[in-house]
Each structure stands twice: as C-alpha cells, then as structure tokens.
Amino acid sequence: PLNPSPFISIQATTTPITTPSLSITTPDLYPNQESGQDEFLKMIEQNALECSQNLVTLMESLKSGLHGVSSNGVQYMSVYKMANDNLNEQVNQSLLGMHLFITKCQSLSDELKKVEELQKQIREIRKIVDIFEGKLVRTIREN
C-alpha cells in the first residue's frame with residue numbers, strides 16, 4: 001500500500017470499501033494500467049517539483065534571515081568595539097588630567113609652605129617695627 005506524504009496531494013479515482021460499521025475511501029492507483037501510471041508519475045513529478053521549489057524558496061529565505069542576523073551581529077560588535085575604544089581613551093585622558101591636577105596641587109602646597117614662612121617673617125618684622133615705633137615715640141616725648 002502507498003502512504004502519501006502530507007505535502008503531496010494525490011488525485012486519483014477512488015473505490016469505496018465498506019465494512020459493517022466503517023466506510024473508508026482509498027485511492028484507486030491502478031484504474032487503467034498505462035494511462036493511470038503515466039498520470040500518476042506526472043503528478044508525483046509535479047508534486048516533487050513543487051516541493052523542491054518550496055524547499056529552495058525556504059532555504060533562500062533562511063539564508064537571507066541568517067545573513068541579516070550575522071550582519072547585525074557584526075555591526076553590533078563593531079559599535080561595541082568603538083564605544084569601548086572611546087571609553088578607554090577618555091579614561092586614559094581623565095587619568096592623565098587627574099595626575100597633572102594632583103601634581104599642581106602638590107606644587108601649590110609646597111609654595112604655600114613658603115608663604116607661611118614669609119608670613120612668620122612678616123609678623124616678626126611687624127613686632128620689631130612696633131617695638132621700634134614705640135621706642136621712637138618715647139624718645140620724641142622725652143625730647
């Protein structure tokens with residue numbers, strides 16, 4: 001017995017088979033030996049061609065879809081690489097800028113230590129001037 005695929009439709013004449021409780025219709029594959037076989041082979045060939053065309057179309061669609069997915073994946077990785085490279089460059093520039101800032105802060109701190117020393121000297125000079133002024137005022141009053 002021939003078991004047709006669900007993708008192939010076979011059109012042939014049918015002969016009913018009856019049982020007491022069941023009626024089944026089966027294809028009559030041999031109604032006329034030569035013309036039936038030719039028609040049957042032509043139908044199988046036509047159905048096989050349709051199946052192959054459908055398979056080709058399906059494979060082309062699958063190829064196109066996979067190509068699109070791969071293309072998007074490559075583009076996403078390229079964008080990720082560019083973003084990562086830019087981030088690395090920005091972080092390096094920020095670190096360099098921070099290093100320069102810290103160096104300048106240290107030099108400013110060293111300069112301020114010198115200013116503190118000058119401030120102490122100015123206070124001492126101010127005290128000496130005040131003492132000298134006081135002695136000068138006393139000397140002028142005494143004369």
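**Confidence.** I began with the pLDDT (the predictor's confidence in each residue, from 0 to 100): its mean over the chain is 82, and 76% of the residues reach 70 or more. Over residues 1-26 the pLDDT is below 50. Beyond near neighbours in sequence, that stretch has 30 contacts in the model, a contact being heavy atoms within 4.5 Å. Among the elements, I found the lowest mean pLDDT, 44, in strand β1 (residues 14-18), and the highest, 92, in α1.

**Ground rules.** I noted that this is a predicted model, where local features need pLDDT of at least 70 and side-chain atom pairs count only at pLDDT 80 or more, while totals for chains, interfaces and linings use all residues. Residues are numbered from 1 along each chain as its sequence is written, and side-chain values use heavy atoms, with hydrogens and water left out.

**Layout.** Next I looked up the elements: the chain has 1 helix and 2 strands. Along the sequence they follow the pattern β-β-α. Both kinds are DSSP runs numbered from the N terminus, helices being H or I with at least four residues and strands E with at least two. Helix α1 covers residues 33-142.

**Surface.** How much of the chain is buried? I read that buried residues make up 3% of the 143 residues. Here buried means under 20% relative accessible area, exposed over 50%, and partly exposed in between (1.4 Å probe, protein chains only). The accessible surface of the chain is about 13300 Å², and 61% of that belongs to carbon and sulfur atoms. These areas come from the Shrake-Rupley method with a 1.4 Å probe; for residues, only the protein chains shown count as cover.

**A nonpolar patch.** Leu55, Leu58, Met59, Leu62 and Leu66 make a nonpolar surface patch of about 510 Å². Patches are made of residues with over 30% relative accessible area and no salt bridge: like charges are joined within 9 Å, nonpolar side chains (Val, Leu, Ile, Met, Phe, Trp, Tyr) within 5 Å. I checked Leu58, which lies in helix α1; its relative accessibility is 54%, so Leu58 counts as exposed.

**Salt bridges.** My search of the whole structure gave 2 salt bridges. The term means a side-chain nitrogen of Lys or Arg within 4 Å of a carboxyl oxygen of Asp or Glu.

In one, the side chains of Lys81 and Asp85 meet at 2.9 Å, N to O. Because they are 4 residues apart in helix α1, about one helical turn separates Lys81 and Asp85. Lys81 is exposed at 51% relative accessibility, whereas Asp85 is partly exposed at 35%.

Lys114 forms a salt bridge with Glu111, and the closest N and O atoms are 3.7 Å apart. Both lie in helix α1, 3 residues apart, about one turn of the helix. Lys114 is exposed at 52%, while Glu111 is partly exposed at 44%.

**Cysteines.** How many disulfides are there in the whole structure? I found 0, taking a disulfide as a pair of cysteine sulfur atoms within 2.5 Å. I also looked at two cysteines: Cys51 is partly exposed at 30% relative accessibility, and Cys105 is partly exposed at 35%.
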